[in-house]
Amino acid sequence: MEKPAVGIIKKVLCRFFIFIFQLSYSLMNARKILTYLLVTCAVGMWGISFVLTKAIFNSDPDYTASIILIFRLMFSVVLFVPILFLIKKARRIQRGDLKYFLGLALMEPFLYFLCENTGLMYISSGLASMIVGLIPVFVPFGMLIAYRERISAMNVVGGVVSLLGIATMIFGSGASFDSELRGILLLFAAVFVTVFYSLILRKIVDKYPPVTITVYQNVIGIFYFLPLILFVDFGHLQAIEFTPKALACMAALGIGCSTLAYVFFYYGIRRMGASSVFVFSNATPVFTMIFACAIGQEDINWLKVVGMAVALAGVTIAQIKTSSTKY
């Protein structure tokens, strides 16, 4: 017959292990929820970035894409380089990885934001964000070509549906296709730049802390933009009257959209994987449209709503995992 003391010990141990299991499960869920929140915050900041950039362009005709971007990066670097050393996350780039950081910064922030911000000079922030929202559709094709990752037929279907949604939004914007063609092509160029960016990022995302990658790519990005500022846009820079509102917008873009958003996004990639995290960017145009309408920068009509819904549906379809034919 079991002694009472032994029975009590067994019950205590049993309850202890149950408590540990429940605590671990709760912590795992909390970490998962935190990851979702951080990635959603990143996507939200990127959505709002279209509206802030458009507001800067509207404030003074002498603003160019490169001027906005170099100030955006400078706000980021000045604040976060000291933080990087304070939190002891500063790591030297390994010799073999330098080419990846140079390529990463060339894609983003240099080429991507140059295409995106220049495109915003010709089209609305809502339409621009919808085109950028196609990134999750095209990234898997890049992975297929570069890393032989399989792509589902649903991704192809989703891409076609998303393009139909974009076309509907173009008609809903009230402007002719010809007048917006330059901006549309530049935004699609930004999408394809991001595909190359994602291919390079895969090489280093697991080797360096998210804040380290973000700060390095922004520091390198400043050097990419300097020749444009000095030899192309210097006259515009001298003519600009910097207002507190424009400076505040650029500070928000640099601190939030060019730094915190990337840190949160990289954290999500390390926790959830690139494919899962890129799905969140489907919501970018939703944040853009809501914020733009709230400040009176965009008008909503039924064609825009339908186009946005169709484009989002296409991107969602592209993420459906099936056991159907692969390419």
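**Chat about the model**

A: Let's start at threonine 288, which sits in helix α12 (residues 284-294). Helices here are DSSP runs of H or I with at least four residues, strands are runs of E with at least two, and both are numbered from the N terminus.

Q: Before we go on, what kind of model is this?
A: It's a predicted model, where local features need pLDDT of at least 70, side-chain atom pairs count only at pLDDT 80 or more, and totals for chains, interfaces and linings use all residues. Residues are numbered from 1 along each chain as its sequence is written, and side-chain values use heavy atoms, with hydrogens and water left out.

Q: OK, back to threonine 288: buried or exposed?
A: Buried, with a relative accessible area of 0%. The cut-offs are under 20% for buried, over 50% for exposed, and partly exposed in between, using a 1.4 Å probe and protein chains only.

Q: What does threonine 288 touch?
A: Not counting residues up to four places away in sequence, threonine 288 touches Gly47, Ile48, Phe50, Val51, Ser125, Gly126 and Ser129. A contact means heavy atoms within 4.5 Å. Take serine 129: its C-alpha is 6.7 Å from that of threonine 288, though the two are 159 residues apart along the chain.

Q: How many residues of helix α4 are buried?
A: Helix α4 (residues 125-132) is mostly covered, with 8 of its 8 residues buried. Ser125, Gly126 and Ser129 are among them.

Q: Zooming out, how many helices and strands are there?
A: The count is 13 helices and 0 strands. As for burial, 46% of the 327 residues count as buried.

Q: What about contacts along the chain: what share join residues at least 24 apart?
A: Among contacts between residues at least 6 apart in sequence, it's 89%. Threonine 168 in helix α6 (residues 153-172) gives you a case to look at: leaving aside neighbours within four places in sequence, threonine 168 is in contact with Leu303, Val306 and Gly307. Threonine 168 and lysine 304 are 136 residues apart in sequence and 7.0 Å apart C-alpha to C-alpha.

Q: Switching topic: how many salt bridges?
A: The structure holds 1. Lysine 207 and aspartate 97 form it through their side chains, at 2.9 Å, N to O. The rule is a side-chain nitrogen of Lys or Arg within 4 Å of a carboxyl oxygen of Asp or Glu.

Q: Where do those two sit?
A: In distant parts of the chain, 110 residues apart: lysine 207 is in the loop between α7 (177-204) and α8 (210-231), and aspartate 97 is in the loop between α2 (65-86) and α3. Lysine 207 is partly exposed at 33% relative accessible area, whereas aspartate 97 is buried at 4%.

Q: What about aspartate 206?
A: Aspartate 206 is in the loop between α7 and α8 too, and counts as exposed at 60% relative accessibility.

Q: Now α3. How far apart are the end C-alpha atoms?
A: They're 30 Å apart, which agrees with the 32 Å that the 22 residues of α3 (residues 98-119) should span at 1.5 Å a residue. The expected span is 1.5 Å times one less than the number of residues.

Q: Where is the kink in α3 centred?
A: On phenylalanine 113, at about 35 degrees. A bend is the angle between axes fitted to the seven residues ending at a residue and the seven starting there. Proline 109 is also in α3, and a cis peptide bond joins glutamate 108 to proline 109, with omega about 20 degrees. Most peptide bonds are trans.

Q: And where is the kink in α2?
A: At phenylalanine 80, about 30 degrees, shortly before proline 82. Phe80 is one of the buried residues in α2.

Q: Last one: which residues touch the most other members of the largest nonpolar core?
A: Tyr63, Ile131, Leu201 and Ile213, out of 79 residues. A nonpolar core is a set of buried Ala, Val, Leu, Ile, Met, Phe, Trp, Tyr and Cys residues joined through side-chain atoms within 4.5 Å. Beyond its neighbours within four places in sequence, isoleucine 213 has contacts including Phe101, Leu104 and Leu201.
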